[in-house]
Each structure stands twice: as C-alpha cells, then as structure tokens.
Amino acid sequence: MKSRILIAGGYGLVGSTIARHVRKVSKDVELILAGRNPEKGAALAQELGGATTAHLDVADSARGLREVGPIDLCR
C-alpha cells in the first residue's frame with residue numbers, strides 16, 4: 001500500500017520544491033498537492049506522476065481534508 005502525503009500549498013514555490021524532492025526520494029509515494037486553486041497544480045501533478053491536486057481552504061480545512069480521504073503525512 002502506497003503512503004499518501006498531502007502538501008498544503010503543494011503547487012506554490014515552497015510546496016512544489018518539497019513535492020519535487022519527495023518524488024526524487026521516492027517514486028512509491030502518492031502526493032496530494034492541495035491549495036485554493038487545484039487547477040493551477042495540474043501541470044505539476046502530471047510532471048511528478050502519482051500525484052493529484054485537491055481543493056484546500058484554510059477557512060474550511062476540515063471539510064477539504066475529509067474529501068481527500070486518509071493520508072499518512074500532512075506538510
């Protein structure tokens with residue numbers, strides 16, 4: 001079973017750097033790149049492979065995380 005890592009702000013400057021590093025270290029992890037505009041992260045998700053985007057709004061973070069499903073690590 002693959003580990004699932006959610007990166008809040010995953011397609012911004014810092015988040016995308018973290019996502020690329022994680023992918024370099026492990027091809028077997030599922031990355032969830034989360035932020036307010038998931039469509040902005042679609043190209044990065046495709047580049048990384050094994051990655052998806054998700055809507056995450058800090059004003060309603062509990063709802064957004066429920067929709068993502070179980071995760072093993074959130075950064």
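**Salt bridges and the rest**

Modeller: Arg 20 forms a salt bridge with Glu 47, and their closest N and O atoms are 2.9 Å apart. By salt bridge I mean a side-chain nitrogen of Lys or Arg within 4 Å of a carboxyl oxygen of Asp or Glu. Arg 20 lies in helix 1 and Glu 47 in helix 2, so the pair ties together parts that are 27 residues apart in sequence. Keep in mind that this is a predicted model: local features need pLDDT of at least 70, side-chain atom pairs count only at pLDDT 80 or more, and totals for chains, interfaces and linings use all residues. Residues are numbered from 1 along each chain as its sequence is written, and side-chain values use heavy atoms, with hydrogens and water left out.

Biologist: How many salt bridges does the structure hold?

Modeller: Two. In the other, the side chains of Glu 30 and Arg 4 meet at 3.1 Å, N to O. Glu 30 sits in strand 2 and Arg 4 in strand 1 (residues 4-8), so this pair links parts that are 26 residues apart in sequence.

Biologist: Is Arg 4 buried or exposed?

Modeller: Arg 4 counts as buried, because its relative accessibility is 17%. The cut-offs are under 20% relative accessible area for buried, over 50% for exposed, and partly exposed in between (1.4 Å probe, protein chains only). Glu 30 is partly exposed at 22%, and Arg 20 is partly exposed at 39%.

Biologist: OK, the fold. What order do the elements run in from the N terminus?

Modeller: β-α-β-α-β-α-β, with three helices and four strands in the chain. Those are DSSP runs numbered from the N terminus: helices are H or I with at least four residues, strands are E with at least two.

Biologist: And how do strand 2 and strand 3 pair?

Modeller: Strand 2 (residues 30-35) and strand 3 (residues 51-55) are parallel, over five bridges; pairing takes at least two DSSP bridges. Leu 33 stands opposite Thr 53 in strand 3. With helix 2, these strands make a right-handed β-α-β unit.

Biologist: Which element has the lowest mean pLDDT?

Modeller: Helix 3 (residues 61-68), at 65, while helix 2 (residues 42-48) has the highest, 97. pLDDT is the predictor's confidence in each residue, from 0 to 100. The chain averages 87, and 88% of the residues score at least 70.

Biologist: Last one: what share of the chain is buried?

Modeller: Buried residues make up 36% of the 75 residues. As for Leu 13 in helix 1 (residues 13-25), that residue counts as exposed because its relative accessibility is 73%.

Definitions and conventions
A crossover is right-handed if, with the strands pointing away from the viewer, the path from the first strand over the helix to the second runs clockwise.
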